[in-house]
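Welcome! Here is a friendly walk through a structure that may be new to you. Have a look at it first, and then read on.

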Amino acid sequence: MKRPKIVDIRATTVAVPLEAPLRTSNGAHWGRFIRTVVEVETDTGLIGLGEMGGGGESAELAFGGLKSYLVGHDPFDLEALRFKICNPTASLYNNRTQLHAAIEFACLDIIGKFLNLPVYDLLGGKLRDEVGFASYLFFRHPNSQTGLGEIKTADQLVAEAKALKAKHGFTSHKLKSGVFAPNYELEAYRALAAAFPDDSLRFDPNAAYSVEEAIRFGKAIEDLNNDYYEDPTWGLNGMRRVRESVRIPTATNTVVVNHEQLAANILNPAVDVILLDTTFWGGIRSCMKAANTCETFQLGIAVHSSGELGIQLATMLHLGAALPNLVFTADAHYHHLQDDIIVGGLKRYVNGKIAVPMGPGLGIDLDRDKLVQYAEYYREVGGYPYDRDPSRPDWFSLVPNTRWADPSA
Ligand SMILES: [Mg+2]
């Protein structure tokens, strides 16, 4: 049987509206996600789908610029692809980890479609039919059009979490924090814990706290049903100091995002739970390799979300399906979206879980009308700076931060 060869690659940046702008310690997602959809075309007519965060002309050009690397490449040759695009010494000059991830998703999609197998079967087979997710709660600005969706107070946060639980069935709740002063957020987090005594929790201030603040805050939540304490402070050494003083497992998606850092963390432990992101780690297979290492050294893992539409979500579902050591729920921003660019629209949560796609490849199809619609919307509204907050134009975050947002503003 003739194996497919890559003949072309296309990248299309889209903007898809969120229910409301999501606030973080660094700034905000300004009411929309900007994502770049990648289509890798082969001489057999099979097209593989990939997705990358951010976008615009620079992302579209960056993917186009890799055409000379990809034309004629056999999508099965995934290790060769890795070295073509991400050779570790060449990467000092041009770090293409995230570009590689999107192309790897597309190649796995092509391989699966060619063999008529779902991607999870290329990863060792599925161990579960659905992947559980946490509620992923954010402090939010109101939607600029409707004025709805603001979350600033503990009462608003608990009300939103209750509504999400009723709608989607979540049994674990993640608070993205680091926006307001620690004591204000402590009250909000403890209110969540009180509202859901049978559910588990996780707190993630995106490394905004000093080591000393992270220890003080960690001690103040030790009695709660925490899954883990995610990136309370910056850096492996900071996380190690927190871990020495707080009796909650630490977790990160910031300072262990490649195999070198994972090795360093094993030799001198700072983080207990490694949050695997199919984009940050450079692909689904890199996450599988990291999970294997974590299994050997008995580190925890979970599936991280750096923002996703349905293509990226599919990569998280196939990864989640194939990971033997996945005991925590995954994160997804997905339920904050108003729409999706895959056929069938937004995927549904049932009992806090999303079904793993069973079709060949990633098991999802691109809705071309939606792609056109949201590419047009992107041209209309443009991108946004993730590290700025539209309500605080002169502010930028420090690490550690002390310049908190004012909840009464
Ligand atoms: Mg995080």
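## A walk through the model

Helix H7 covers residues 182-195, and at 1.5 Å a residue its 14 residues should span 20 Å; the end C-alpha atoms are 20 Å apart, so the two agree. Keep in mind that this is a predicted model.

Which residues of H7 are buried? They are Pro182, Glu185, Ala188, Tyr189, Leu192 and Ala193. These residues cover an arc of only 140° around the axis, which means that they sit on the same side of H7. An α-helix has 3.6 residues a turn, so residues three or four places apart point the same way. On the face of H7 turned away from the buried side you will find the exposed residues Asn183 and Ala194. The buried residues of H7 pack against two helices, H6 (154-168) and H8 (211-221), and two strands, S8 (172-176) and S9 (200-204).

Strands S12 (residues 273-276), helix H11 (residues 284-297) and S13 together make a right-handed β-α-β unit.

Another open sheet is built from 3 strands in the order S1-S4-S5, with antiparallel pairing. Here the edge strands are S1 (6-17) and S5 (47-53), each pairing on one side only. From one strand to the next, the twist averages 20°. Helix H1 (residues 57-65) lies across S1, S4 and S5 and runs at about 165° to S1. Helix H4 also packs on this sheet, where it touches S4 and S5, and its direction makes about 155° with that of S5.

| Strand pair | Sense | Bridges |
|---|---|---|
| S9 and S10 | parallel | 3 bridges |
| S12 and S13 | parallel | 4 bridges |
| S1 and S4 | antiparallel | 11 bridges |

Arg202 has Tyr228 in S10 as its bridge partner, Ile274 has Ile301 in S13, and Ile9 has Val40 in S4.

Finally, a few backbone details are worth a stop. Asn116 has a phi near 60°, a positive value in a residue other than glycine. Asn116 is found in the loop between helix H4 (97-115) and helix H5 (119-122). Is Asn116 buried or exposed? With 10 other C-beta atoms within 10 Å, Asn116 is exposed.

Asp231 has a positive phi as well, near 40°, and is likewise a residue other than glycine. Its loop runs between strand S10 (226-230) and helix H9 (236-245). Asp231 has 28 C-beta neighbours inside 10 Å, so it counts as buried.

One more stop is the peptide bond from Val399 to Pro400, which is cis, with omega near -5°. Pro400 lies in the segment after helix H13 (368-381).

Methods: Residues numbered from 1 in each chain as written. Predicted model: local features only at pLDDT ≥ 70, side-chain atom pairs only at ≥ 80, totals over all residues. Expected span 1.5 Å × (residues − 1). Buried ≥ 20, exposed ≤ 12 C-beta atoms within 10 Å, placed from the backbone. Arc of directions from axis to C-beta. Contact = placed C-beta atoms within 7 Å. Pairing = 2+ DSSP bridges. Right-handed = clockwise from strand over helix to strand, strands pointing away. Axes fitted to C-alpha atoms, helices over the stretch in contact; angles between N-to-C directions.
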